[in-house]
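Please take a moment with the sequence and the structure below before reading on.

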Amino acid sequence: MPDMHSHARTSSGWVVVIPVKPVAVGKSRLGAGPDAALAIALDTIEAVAAAAEVSVVVVVTADERVADAVGALPEHGARRRVVHEVAPAGIRAAVAAGLVDVADASPRAVLLGDVPTLDPAELDAALRLAAGVDRAFVADAEGTGTVLVTARGGVELREAFGPGSAEGHRALGLAELDLPAESGLRRDVDTPEQLADVVARGGARRTTALG
């Protein structure tokens, strides 16, 4: 079984925190049910764990179904931990919980768990860019939301997730990483149209199977 309890180790690799809402409510705008939300999250988590720049993936959730599914993922790639929330308390609390046992000397990132077409190489490229600045973020394909925030080792991670978060992260002084709009890292799934696009693109095996 993956190590679900020990503290994240300090290393040259990135620690990536992925907050995942309970699947019964996590993707209510999709109108596709909890199975779709779980598939999207698992495709995202698996891709992050396969990225060469990532050493630890910390999934924060109050949903036992999500926790069990993460534990059942294939044991390869980055080490995985699950931080169990007693109850959902919002993304800021989830991020804080995920970072509690992560050494400040480690490069840290927060990735939203809804980019199922993410290619591990795309995340590797973004993290290599992020290593050159104190703090960075990646906007979604529309340019208004945020899918990723980063802080290199020794630098406090700052985030402003929520409506209009891209502008919020610019205001915080985070460097905006210039990635193609078609990058899977920028293709978050919140609407039926975005889900249909993922299914059409293929590659995210669980999410694509929903179609």
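Which residue in E6 does Phe 137 stand opposite? In this predicted model, the residue opposite Phe 137 in E6 is Val 149. Between E5 and E6 lie 6 residues, so that the two strands form a hairpin, and Gly 143 in the turn has a positive phi of about 85 degrees.

**The sheet as a whole**

Strands of a sheet pair through backbone hydrogen bonds, in either the parallel or the antiparallel sense. Here the sheet is open and is formed by 7 strands in the order E3-E2-E1-E4-E6-E5-E7, with mixed pairing. Strand E3 (79-84) and strand E7 (175-176) stand at the edges, and because each has a single partner strand, one side of each is left without a neighbour in the sheet. Helix H2, made of residues 64-71, packs on the sheet and touches strand E1 (14-20), strand E2 (54-61) and E3, and its direction makes about 165 degrees with that of E3.

The pairings described in this report are set out below.

| Strands | Sense and bridges |
|---|---|
| E5 and E7 | parallel, 2 bridges |
| E1 and E2 | parallel, 7 bridges |
| E1 and E4 | parallel, 3 bridges |

**Two enclosed strands**

Strand E5 is largely enclosed by the rest of the structure, because 5 of its 5 residues are buried. Both of its faces are covered, with Arg 135, Phe 137 and Ala 139 buried on one side and Ala 136 and Val 138 buried on the other. Phe 137 also takes part in the pairing with E7, where its bridge partner is Glu 176.

Strand E1 is likewise largely enclosed by the rest of the structure, since 7 of its 7 residues are buried. Trp 14, Val 16, Ile 18 and Val 20 point one way from E1, while Val 15, Val 17 and Pro 19 point the other way, and all of them are buried. On the E2 side, the bridge partner of Pro 19 is Val 60, and on the E4 side, Val 17 stands opposite Val 110.

Is Ala 166 buried or exposed? Ala 166, which is found in helix H5 (residues 165-171), has a relative accessibility of 1% and therefore counts as buried. Leaving out residues up to four places away in sequence, Ala 166 touches Phe 137, Ala 139, Gly 143, Thr 144, Gly 145 and Thr 146. The C-alpha atoms of Ala 166 and Ile 45, which are 121 residues apart along the chain, are separated by 22 Å.

Leu 112 has its place in the loop between strand E4 (108-111) and helix H4 (120-130). Its relative accessibility is 19%, and Leu 112 counts as buried because the cut-off for that class is under 20%. Apart from neighbours within four places in sequence, Leu 112 is in contact with Ile 18, Thr 44, Ile 91, Thr 146, Val 147 and Phe 161.

**Empty spaces**

Rolling a probe the size of a water molecule over the atoms shows where empty space is left. How many cavities of 30 Å³ or more does the structure hold? The structure holds 1 such cavity, and about 30 Å³ of space lies in the largest cavity. The largest cavity is lined by Glu 46, Ala 49, Leu 73, Pro 74, His 76 and Arg 80, a lining with 3 nonpolar, 1 polar and 2 charged residues.

The second largest pocket holds about 160 Å³ of space. Among the residues that line this pocket are Asp 43, Glu 46, Ala 47, Pro 116, Asp 119 and Arg 205. Helix H1 (residues 34-49) gives the largest share of this lining, with 3 residues. By class, the lining of the second largest pocket divides into 4 nonpolar, 3 polar and 4 charged residues. Glu 46 belongs to the lining of the second largest pocket and also to that of the largest cavity.

Terms used
Residues numbered from 1 in each chain as written. Predicted model: local features only at pLDDT ≥ 70, side-chain atom pairs only at ≥ 80, totals over all residues. Heavy atoms only, no water. Pairing = 2+ DSSP bridges. Helix = DSSP H or I, 4+ residues; strand = E, 2+ residues; numbered from the N terminus. Contact = heavy atoms within 4.5 Å. Axes fitted to C-alpha atoms, helices over the stretch in contact; angles between N-to-C directions. 1 Å grid on protein atoms, 1.4 Å probe; cavity = no way out; pocket = protein on both sides within 12 Å on 5 of 7 lines; lining within 4 Å. Points joined across faces, edges and corners; volume = space filled by probe spheres on them. Nonpolar A, V, L, I, M, F, W, Y, C, P; charged D, E, K, R; others polar. Buried < 20%, exposed > 50% of the residue type's maximum accessible area, 1.4 Å probe, protein only.
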